[in-house]
Amino acid sequence: MTEKKRCRWGTASEKMMSYHDEIWGVPEFDDQKLFTKLILDMNQAGLSWNTILNKWESFESAYDGFSIEKVAAFTPEKVAALMEDPGIIRNRRKIEAAVNNAQKVLQLQAEFGSFSNYLWKFAGGQPQVNYWETEADVPANSPLSDAISKDLKRRGFKFIGTTIIYAFLQAVGIINDHTIDCFRHDELLTSWAHSQNTEQFLPKS
């Protein structure tokens with residue numbers, strides 16, 4: 001049996017492989033999951049994704065299941081308690097940004113009906129598909145991440161520079177950045193094409 005070809009970073013560990021194969025790049029429309037990934041990508045800034053992945057369960061517990069409403073209501077006392085939690089990234093700026101951003105997500109939900117609606121409108125409601133040959137070709141930001149980052153900052157979000165937002169967009173499938181030799185690149189194209197009943201996203205022959 002031939003081993004499946006993956007993005008190189010997705011072979012670093014069993015946990016990383018599962019994340020690569022099952023989560024990264026899958027188009028996400030659930031507000032709770034979008035918020036979860038936003039908080040995790042905010043916390044990754046300056047760190048490796050492997051560090052965050054290994055702390056995911058601890059983050060989920062510390063941040064009350066990443067409930068948008070609950071995080072938005074975190075008090076200074078709760079922030080202080082999180083600063084003592086060794087299971088997460090104890091960075092006050094990141095913790096306070098998470099609380100602030102949860103409050104701003106609630107505002108987006110009120111204005112656009114959902115956080116998902118707000119995000120996906122920037123991409124025209126469909127994934128932006130890239131065809132990178134190697135991981136070295138993948139950029140750290142793009143016009144799309146620039147635009148979303150700029151608008152989020154205008155709306156009062158914090159810790160959401162264009163590099164963080166680009167990583168977030170990759171994670172939630174608004175951008176498909178699996179390299180073209182990775183089996184997930186075409187799998188995601190085919191899955192999206194079938195879900196939308198269109199041939200537009202079928203893999204190139």
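**Figure A. Q170 has its place in helix α10.** The model is a predicted one, in which local features need pLDDT of at least 70 and side-chain atom pairs pLDDT 80 or more, whereas totals for chains, interfaces and linings use all residues. Residues are numbered from 1 along each chain as its sequence is written, and side-chain values use heavy atoms, without hydrogens or water. Helices (DSSP H or I, at least four residues) and strands (DSSP E, at least two) are numbered from the N terminus. Q170 counts as buried because its relative accessibility is 11%; buried means under 20% relative accessible area, exposed over 50%, and partly exposed in between (1.4 Å probe, protein chains only). When neighbours within four places in sequence are left aside, Q170 is in contact (heavy atoms within 4.5 Å) with W24, G25, V138, I175 and D177.

**Figure B. Helix α10 is mostly covered by other parts of the model.** Seven of the ten residues of α10 are buried. They are I164, I165, Y166, F168, L169, Q170 and A171. The cover over the buried residues of α10 includes the helices α1, α2, α8 (115-122) and α9 (143-154), together with β2 (175-176). After α10 comes G173, which has a positive phi near 80°.

**Figure C. The largest pocket holds about 440 Å³ of space.** On a 1 Å grid over the protein atoms alone, a pocket is an open set of points where a 1.4 Å probe fits, with protein on both sides within 12 Å along at least five of seven lines, and lining residues have an atom within 4 Å of a point. Points are joined across faces, edges and corners, and the volume is the space filled by probe spheres set on them. The lining of the largest pocket consists of 20 residues, and those closest to the pocket centre are W24, Q44, W49, A167 and Q170. Two or more lining residues come from each of the elements α1 (14-22), α2 (31-44) and α10 (162-171).

Figure D. Helix α2 provides the largest share of the lining, namely four residues.

**Figure E. N43 belongs to helix α2.** With a relative accessibility of 0%, N43 counts as buried. Leaving aside neighbours within four places in sequence, the contacts of N43 are I52, F59, I89 and K94. Between the C-alpha atoms of N43 and L82, which lie 39 residues apart along the chain, the separation is 13 Å.

**Figure F. Aromatic rings pair at 13 places in the whole structure.** Two rings of Phe, Tyr or Trp (its six-membered ring) pair if their centres lie within 6.5 Å; planes under 30 degrees apart count as stacked, over 60 as edge-to-face and the rest as tilted. One of the pairs joins Y63 and F66, whose rings are stacked, with 5.9 Å from centre to centre and 10° between the planes. Y63 counts as buried because its relative accessibility is 0%. F66 likewise counts as buried, at 0% relative accessibility. Y63 lies in the loop between α4 (56-62) and α5 (68-72), while F74 lies in the loop between α5 and α6 (76-82), so the pair ties together parts that are eleven residues apart in sequence. F74 counts as buried, since its relative accessibility is 10%.

**Figure G. One aromatic cluster is formed by W9, Y19, W24, W49 and W56.**
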